[in-house]
Amino acid sequence: MRPIRIIARTLVLALPFGLSLAAVPARAAPPDAITLGMVLEPPNLDPTSGAAAATDEVVYANVFEGLTRFAPDGTVVPGLAASWETNGTATVYTFHLREGVRFHDGTAMEADDVAFSLDRARGPDSTNAQKALFDGIDSIAATDPLTVTVTLARPDGAFPFKMAWGDAVIVAPETAGTEATAPVGTGPFRFDRWVHGDRVELVRNPDYWGPAPALARATFKFIPDPNAAYAAMMAGDVDAFPNFPAPETLPQFEADPRFKVIVGTTEGETILAINNRRPPLDDIRVREAIAHAIDRQDVIDGAMFGYGTPIGTHFAPHHPDYVDLTGLSRHDLKKARALLAEAGQTDLKLRLALPPPSYARRGGEIVAAELRAAGIETEITNLEWAQWLDQVFKRNDFDLTIVSHTEPMDIGIYARPDYYFGYGKPDFLALMDRLAGATAPDERSEILKAAQRMIAEDHVNVYLFQLAKTGVANAKIEGLWENAPTQANDLTAVRWAD
């Protein structure tokens with residue numbers, strides 16, 4: 001770390017009785033505010049009612065907290081629950097809440113709020129994007145103001161892990177209906193204002209139950225254009241860009257002592273998602289042909305400038321149970337054409353819907369060219385994030401799309417027949433049921449490996465690469481996450497160096 005040189009003049013102060021005293025040189029205090037760049041603006045600020053990663057990037061661990069939370073290394077640690085225990089069959093969990101926790105409006109956070117939040121997330125009218133996290137809950141009881149007992153319909157050794165997701169944060173009944181635009185949580189920062197199209201501002205919560213953050217104010221500024229992001233960093237208009245959209249410029253930042261480049265891993269499986277419901281994409285031969293048409297290394301090099309790890313299934317390579325299945329969908333144009341001919345698809349044209357991130361827009365052009373080489377024409381439509389969520393994610397109106405799934409350990413989405421790519425194979429559903437009831441590590445590992453193989457062999461989607469976390473920051477900033485075990489910009493440990 002480069003030392004900060006402070007040059008101060010020596011002052012002579014006039015004192016009574018003819019005395020004089022040389023003043024101690026002043027030392028500048030480190031800043032207590034930060035501006036972070038983000039590519040996407042959140043569609044709303046309620047992590048319990050939408051699927052946008054950008055929402056969690058602003059509010060997870062900053063504004064909202066859950067019973068448990070993800071630490072920077074990906075482990076699950078206590079959050080609003082100071083501790084918990086389970087019975088011998090992992091069907092009853094008892095959470096002991098922290099004392100003195102208050103929501104940002106001054107009301108106490110107690111067991112009734114936890115029960116309300118979990119019931120709301122699993123209720124018939126829930127709009128929670130990860131409602132499956134709560135499917136196993138049979139009942140919730142607030143046994144006293146600081147104790148919550150959750151009874152599950154079947155064993156689930158991963159329940160504390162599920163409670164760490166942003167979709168499982170605790171909200172109060174009084175403010176649940178307005179969290180989207182005026183979020184009220186329990187975290188170390190309070191919502192201050194949202195200037196739509198430009199930024200969200202947070203301020204330090206003076207009544208936070210835990211250690212006070214070093215930052216008094218945090219601004220999340222939305223800069224979707226990679227060139228503008230580069231210019232903003234260089235000009236000092238933003239202090240850090242944790243998910244920097246112009247990886248081709250990283251060598252320039254590495255050579256500049258004003259900055260540091262932070263490269264780590266994410267939970268983001270980047271896929272060419274296929275609408276399995278729609279003919280002829282419901283034919284495994286067509287899906288396999290699409291997979292063999294794509295050279296994933298070309299996409300990594302062209303869209304991410306080499307940053308990214310090839311994957312062959314929907315699972316993070318850094319996970320100990322990962323299986324390398326890239327060979328099942330290796331680039332093979334001859335095989336792709338033969339499969340299309342076998343399926344009777346000699347003049348196939350598909351719609352490719354692309355959300356705003358650069359990995360999707362840049363990657364989409366490469367994918368379209370490679371599909372054309374295999375005999376598949378594509379019609380590209382660029383969508384804004386809200387359009388993508390409505391058209392692709394909610395209404396399933398697409399053939400192909402490119403997106404990074406940044407939720408941790410989310411292979412269970414393939415068990416949901418109503419999910420946007422529409423797989424839901426009964427055999428896969430049975431695997432996930434077995435996984436939910438498995439508590440032995442060896443058994444869980446075996447099931448996870450079988451699940452990876454099943455979706456890879458069925459070519460549900462084309463698995464491109466694991467998204468790298470490429471960040472740039474002012475060299476004096478400390479405490480930003482290197483890796484991203486969940487989609488978050490956790491500011492609790494961020495500070496400016498003295």
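How far apart are the mean positions of the positive and negative charges of the chain? The mean positions of the 45 positive and 67 negative charges are 4 Å apart. In this count, Lys and Arg are positive and Asp and Glu negative, while His and the chain ends are not counted; each charge is placed at NZ of Lys, CZ of Arg, CG of Asp or CD of Glu.

The model is predicted, so that local features need pLDDT of at least 70 and side-chain atom pairs count only at pLDDT 80 or more, whereas totals for chains, interfaces and linings use all residues. Residues are numbered from 1 along each chain as its sequence is written, and side-chain values use heavy atoms, with hydrogens and water left out.

The chain holds 12 helices and 21 strands, taken as DSSP runs numbered from the N terminus (helices H or I, at least four residues; strands E, at least two). Along the principal axes, the C-alpha atoms fill a box of roughly 105 × 55 × 40 Å. The accessible surface amounts to about 20,900 Å², with 52% belonging to carbon and sulfur atoms; areas come from the Shrake-Rupley method with a 1.4 Å probe, and for residues only the protein chains shown count as cover.

Of the 498 residues, 55% are buried (buried means under 20% relative accessible area, exposed over 50%, partly exposed in between, with a 1.4 Å probe and protein chains only). Contacts are defined by heavy atoms within 4.5 Å. Among contacts between residues at least 6 apart in sequence, 68% join residues at least 24 apart.

Strands β6 and β7 pair in the antiparallel sense over 5 bridges, where pairing requires that DSSP finds at least two bridges between two strands. Within this pair, S83 stands opposite H96 in β7. The hairpin has 5 residues between the strands, and A90 there takes a positive phi near 55°. A90 lies in the loop between β6 (81–86) and β7 (92–97) and is buried, with a relative accessible area of 6%. Strand β7 is also joined by 5 bridges to β9 (residues 147–152), and these two strands run antiparallel. The bridge partner of V92 in β9 is T151. In a regular strand the side chains alternate between the two faces of the sheet.

A positive phi in a residue other than glycine is also found at H459, where the angle is near 50°. H459 is in the loop between α12 (441–457) and β19 (462–474), and its relative accessibility of 6% counts as buried. The peptide bond from P279 to P280 is cis, with omega near 0°. P280 belongs to the loop between β14 (259–274) and α6 (284–293).

T175, in the loop between α3 (159–162) and β10 (189–195), is buried at 10% relative accessibility. Leaving aside residues up to four places away in sequence, T175 touches D105 and V184. D112, by contrast, is exposed, with a relative accessible area of 56%, and lies in helix α2 (residues 111–122). From C-alpha to C-alpha, D112 and V261 are 44 Å apart in space, with a sequence separation of 149 residues.
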